[in-house]
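Q: Could you walk me through this structure? I have not looked at it before.

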Amino acid sequence: MIAIRNAQVTIPRFYVTFTTAIVLVATSFYGATASVADDGPSVPPGTEATASAPVELDPNDPDLKLPDGATLAEPKVLDIKTVVEDQSGDERREDTNSDVTFALQAEVLFGKDSAKLGAEAKARIATIAGEIKTQNATKVRVFGFTDNLGSSAHGDVLSRQRANAVQAVLGQELSDANITYEVRGYGEQYPIADNSTEAGRKKNRRVEITFPRTGS
């Protein structure tokens, strides 16, 4: 059983908002084990595996009765995610109960095929550094991504260089020895849009900054 509720929120300098809360009730056979998501450091935020019901219900059953021997698991409330994107799509913020993620498109940070930050990019990163301070976060992940144009090896290198450049500015702005950084370049892996169109490739060329939601 899945219940979805939507609500609008307003956050300064962003214009498009939506919040989704999902309550999932899973079913299981006797002796079945629950799915476990891989939360290792090589998995970027937002790509973790999601749980699914191990029992397939008969869609033709008018009452949607459980198969013989199946039982309902305890209801589980999944994380609430709020996504806020500015009108141009250049910057996106995702909030969950545990993390905050900022995604900046490469075009607002770097020149074409470059890892050199512009002045406007540094101002945007400084704003994110302010949010990290607000949340009192001590661990920050900076992940770079590209589209699928060019060689995969080139994309891996460029995305890592761009992630390093963003992390360097964060380090200067925060100047806190207690903060640890995880910096990775994923190249064309984990696209968030269709690489067959320029609009989709533009969304995939991005740097994501994620940190725990530990403050107010």
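What follows is a short chat about the fold, the core and some charged pairs.

Q: What kind of model is this, and how are residues numbered?
A: This is a predicted model, in which local features need pLDDT of at least 70 and side-chain atom pairs count only at pLDDT 80 or more, while totals for chains, interfaces and linings use all residues. Residues are numbered from 1 along each chain as its sequence is written, and side-chain values use heavy atoms, with hydrogens and water left out.

Q: How many helices and strands does the protein have?
A: The protein has three helices and eleven strands, taken as DSSP runs (helices are H or I, at least four residues; strands are E, at least two) and numbered from the N terminus.

Q: And what about the largest nonpolar core?
A: That core holds 27 residues, and those with the most contacts inside it are L109, I132 and V166. Such a core is a set of buried Ala, Val, Leu, Ile, Met, Phe, Trp, Tyr and Cys residues joined through side-chain atoms within 4.5 Å, where buried means under 20% relative accessible area with a 1.4 Å probe, protein chains only.

Q: Which helix gives the most to it?
A: Helix α2 does, with six residues.

Q: Switching topic, which residues does R93 form salt bridges with?
A: R93 pairs with D95, their closest N and O atoms being 2.6 Å apart, and also with E131, at 3.2 Å; a salt bridge here is a side-chain nitrogen of Lys or Arg within 4 Å of a carboxyl oxygen of Asp or Glu. E131 in helix α1 and R93 in strand β7 are 38 residues apart.

Q: Is R93 buried or exposed?
A: R93 counts as buried, at 11% relative accessibility, and D95 is buried at 8%.

How values were computed
Buried means under 20% relative accessible area, exposed over 50%, partly exposed in between (1.4 Å probe, protein chains only).
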